[in-house]
Amino acid sequence: MFYVGIDVSKKSSEICVINQKKEIVKQFKLIHSNDGFKKFFKTIRKIDKNKHNFEFAIFSKSFNKFTKTDKQDALNIAIQLSTGLIKEALVPEDKISDLR
């Protein structure tokens, strides 16, 4: 199992992939563009040929109040995901959101 922490910014995101031992497997920047997303999926496929052994967590706020860096935030997101501190969140369909 691999855990992917994604720290989102306006034009790019920092990505951190860790394994079950919480070791960094890959850390890279994703530029928000077609080419950037192609690179993201290509990189994920290289890490795990099965493409089914990943959990993802995406955040746009800092986890670290004292020394904020996007790379550190992405790592912290991945670690918290791997330890179960981040729970699954479902995004409601537009119809449900409109009712709220």
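This is a tour of one predicted chain, moving from the whole fold to single residues.

The model is predicted, so local features need pLDDT of at least 70 and side-chain atom pairs count only at pLDDT 80 or more, while totals for chains, interfaces and linings use all residues. Residues are numbered from 1 along each chain as its sequence is written, and side-chain values use heavy atoms, with hydrogens and water left out.

**Whole chain**

Colour the chain by secondary structure. There are three helices and four strands, where helices (H or I, at least four residues) and strands (E, at least two) are DSSP runs numbered from the N terminus. Along the sequence the pattern is β-β-β-α-β-α-α. Of the 100 residues, 33% are buried; buried means under 20% relative accessible area, exposed over 50%, and partly exposed in between, with a 1.4 Å probe and protein chains only. Among contacts (heavy atoms within 4.5 Å) between residues at least 6 apart in sequence, 45% join residues at least 24 apart.

Pick Tyr3: its bridge partner in strand 4 is Glu55.

**The helices on the sheet**

**Inside helix 1**

Select residues 34-47. The 14 residues of helix 1 should span 20 Å at 1.5 Å a residue, and the end C-alpha atoms are 20 Å apart, which agrees; the expected span is 1.5 Å times one less than the number of residues.

Which residues of helix 1 are buried? They are Gly36, Phe40, Thr43 and Ile44. They cover an arc of only 100 degrees around the axis, which puts them on the same side of helix 1; the arc is that of the directions from the helix axis to the C-beta atoms. What covers them includes strand 1 (2-8), strand 2, strand 3 (24-31) and strand 4 (54-59). Turn to the other side of helix 1 for the exposed Asn34, Asp35, Lys38, Lys42 and Lys46.

Stay in helix 1 for Lys39, which counts as partly exposed at 45% relative accessibility. The C-alpha atoms of Lys39 and Lys29 are separated by 9.9 Å, with the two residues 10 apart along the chain.

Go to Ser13, in strand 2 (residues 12-18). Ser13 is buried, with a relative accessible area of 2%. The Ser13 side chain makes a polar contact with that of His32 at 2.7 Å; such a contact is a pair of N or O atoms within 3.5 Å, and within protein one must be able to donate a hydrogen and the other to accept it, residues adjacent in sequence counting only if both atoms are side-chain atoms. Beyond neighbours within four places in sequence, Ser13 is in contact with residues including Ile6, Val8, Phe28 and Leu30.

End at Lys22, in the loop between strand 2 and strand 3. Lys22 is partly exposed, at 37% relative accessible area. Its phi is near 65 degrees, a positive value in a residue other than glycine.

Methods:
Two strands pair if DSSP finds at least two bridges between them.
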